[in-house]
Amino acid sequence: MNNIELNTNSSKYSPNTFLRKDVQYCLKKVPADFLVEEVPNFYKPSIEKQIWHFQLRKEGMTTSEAVTNIANILEIPESHIGYAGLKDEDGITSQRISIQSPSRNIDTHAINAHLDMTSGKWLSLHEVGCFEENIKIGQLVGNSFRIVIRNLDKPIAHTLAKQASYHHAFINYYDTQRFGVPGGPSTTHLIGQALHHEKWEKALSLLCQSASPEAQSAQKWRGKTEHFFHQLDPRRLSFYYASYGSYQWNNLVAEEFQRYHQGLHTVRSSIPYVLPTAYSDVMTFAAKTSWYPFIRFNIVNGKKVEKQSLRPTIAHTFIKIIDLNEDHEFPDRSSLTIEFFLPSGCYATMAVCQFIHLANQQIFTV
């Protein structure tokens with residue numbers, strides 16, 4: 001793996017507000033502004049195996065936190081609960097999970113009894129059926145989104161609303177969610193780097209300050225430092241390694257893009273990005289460099305396993321304009337509601353970032 005100087009600035013400003021002299025917008029002002037529906041793989045039903053699938057809806061917690069809560073209520077190990085992808089705590093999300101339980105009857109009522117949709121932090125579980133397979137990381141087609149973009153300049157919003165839909169291509173960067181949790185510093189890639197080089201003390205110190213689901217238990221840990229990481233759910237440990245790989249991939253792709261094109265340098269939640277300034281540059285880059293190598297990390301039998309794969313440099317989607325309104329959250333500004341689908345591994349916030357940025361370039365450079 002190529003070594004890249006990692007950014008150690010861990011400022012805590014929100015990644016959901018994007019601001020430059022001529023571009024401004026806000027995502028996730030309220031949870032209902034950001035709706036996510038996971039599109040799972042096809043699973044073959046079974047009446048013999050006791051692998052139950054459920055639809056998990058949640059708000060105000062990560063997938064990892066939801067799994068911990070469910071496991072505690074059902075009194076089963078977290079490893080008995082499978083999921084395909086990690087959904088953020090900002091927004092209202094829906095995804096399929098699987099539960100292996102010695103009891104045929106999994107008490108969803110005990111879980112849903114904790115439901116308080118006015119609290120801002122809740123989950124609900126609804127039975128889908130019995131299937132032959134557990135759900136594993138990566139086993140999803142993608143995600144569908146319905147997003148309200150707020151605090152938009154009126155000329156941009158009204159110009160975008162003149163069309164019913166758009167074909168949108170964008171650089172397929174990992175967005176800020178990959179590198180931290182809302183309200184916390186963007187340091188998961190730094191934790192992954194420390195783990196990769198077996199700098200256990202540094203990794204634990206960063207984790208204690210990370211506001212991640214493991215932060216509190218890390219703060220209380222008094223045993224041998226590396227043993228803390230060895231006892232984590234392997235899926236969580238893999239996430240930190242993957243975050244490190246993601247940061248490096250972003251930087252390498254940005255460097256490659258700049259070999260052929262000029263771009264806008266910006267920083268979002270202390271993570272640097274180079275954004276395209278014209279769709280023609282995006283398409284030219286796609287033709288020249290459609291894929292770029294990526295190191296995948298997995299924990300197998302307690303050991304780190306590295307595997308090189310390819311990730312597309314450009315993602316494509318079809319954005320449908322749903323509604324244009326006066327923005328009641330931001331006076332004298334507009335809000336735009338959009339819908340689109342993204343394949344697994346792509347970031348809706350990055351799609352929106354480049355959609356608005358490129359729209360601004362087109363509108364004000366004509």
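Student: Where does Ala211 lie?

Tutor: In this predicted model, Ala211 sits in the loop between H5 and helix H6 (215-220). Its backbone has a positive phi of about 65°, although Ala211 is not a glycine.

Student: Is Ala211 buried, partly exposed or exposed?

Tutor: Ala211 has 47% relative accessibility, so it counts as partly exposed; the cut-off for exposed is over 50%.

Student: Which loop holds Asp332?

Tutor: Asp332 is in the loop between strand S14 (314-326) and strand S15 (334-343). Asp332 is also not a glycine, and has a positive phi of about 65°. At 65% relative accessibility, Asp332 counts as exposed.

Student: How are two packed helices described?

Tutor: Two numbers are used: the angle between the axes and the distance between the axes. Here, H4 and helix H5 (residues 200-208) pack at about 160°, and their axes are 8 Å apart.

Student: Why do H4 and H5 count as roughly antiparallel?

Tutor: Angles over 145 degrees fall in that class, and H4 and H5 are therefore roughly antiparallel to each other. The crossing of H4 past H5 is left-handed. On the H4 side, the contact is made by Leu190, Ile191, Ala194 and Leu195. On the H5 side, Trp200, Lys202, Ala203, Leu206 and Leu207 take part.

Student: What is the place of Thr188?

Tutor: Thr188 belongs to helix H4 (residues 188-196). With 4% relative accessibility, Thr188 counts as buried, because the cut-off is under 20%.

Student: Which residues does Thr188 touch, not counting residues up to four places away in sequence?

Tutor: Thr188 touches Arg178, Phe179, Gly180, Phe239, Tyr240 and Ser243. For Arg178, the separation from Thr188 is 10 residues in sequence and 7.6 Å in space, C-alpha to C-alpha.

Student: How should I read the strands?

Tutor: In a regular strand the side chains alternate between the two faces of the sheet. For pairing, look at the bridges and the direction of each pair. Strand S3 (residues 34-40) runs antiparallel to strand S8 (residues 140-152), with seven bridges joining them. Pro40 has Leu140 as its bridge partner in S8.

Student: How many bridges join S3 to strand S6?

Tutor: Three bridges join S3 to strand S6 (residues 92-100), and these two strands run parallel. In S6, Thr93 is the bridge partner of Val36.

Student: Which residues does UniProt give for the feature "domain: TRUD"?

Tutor: The UniProt record, an unreviewed entry, places "domain: TRUD" at residues 169-343. Over residues 169-343, the chain is 38% helix and 32% strand. The end C-alpha atoms of residues 169-343 are 13 Å apart.

Conventions
Residues numbered from 1 in each chain as written. Predicted model: local features only at pLDDT ≥ 70, side-chain atom pairs only at ≥ 80, totals over all residues. Heavy atoms only, no water. UniProt positions renumbered as here; feature names shortened; annotations may be inferred. Helix = DSSP H or I, 4+ residues; strand = E, 2+ residues; numbered from the N terminus. Pairing = 2+ DSSP bridges. Buried < 20%, exposed > 50% of the residue type's maximum accessible area, 1.4 Å probe, protein only. Contact = heavy atoms within 4.5 Å. Axes fitted to C-alpha atoms, helices over the stretch in contact; angles between N-to-C directions. Parallel < 35°, antiparallel > 145°, perpendicular 65-115°, else oblique. Left-handed = near helix turned anticlockwise from the far one by under 90°.
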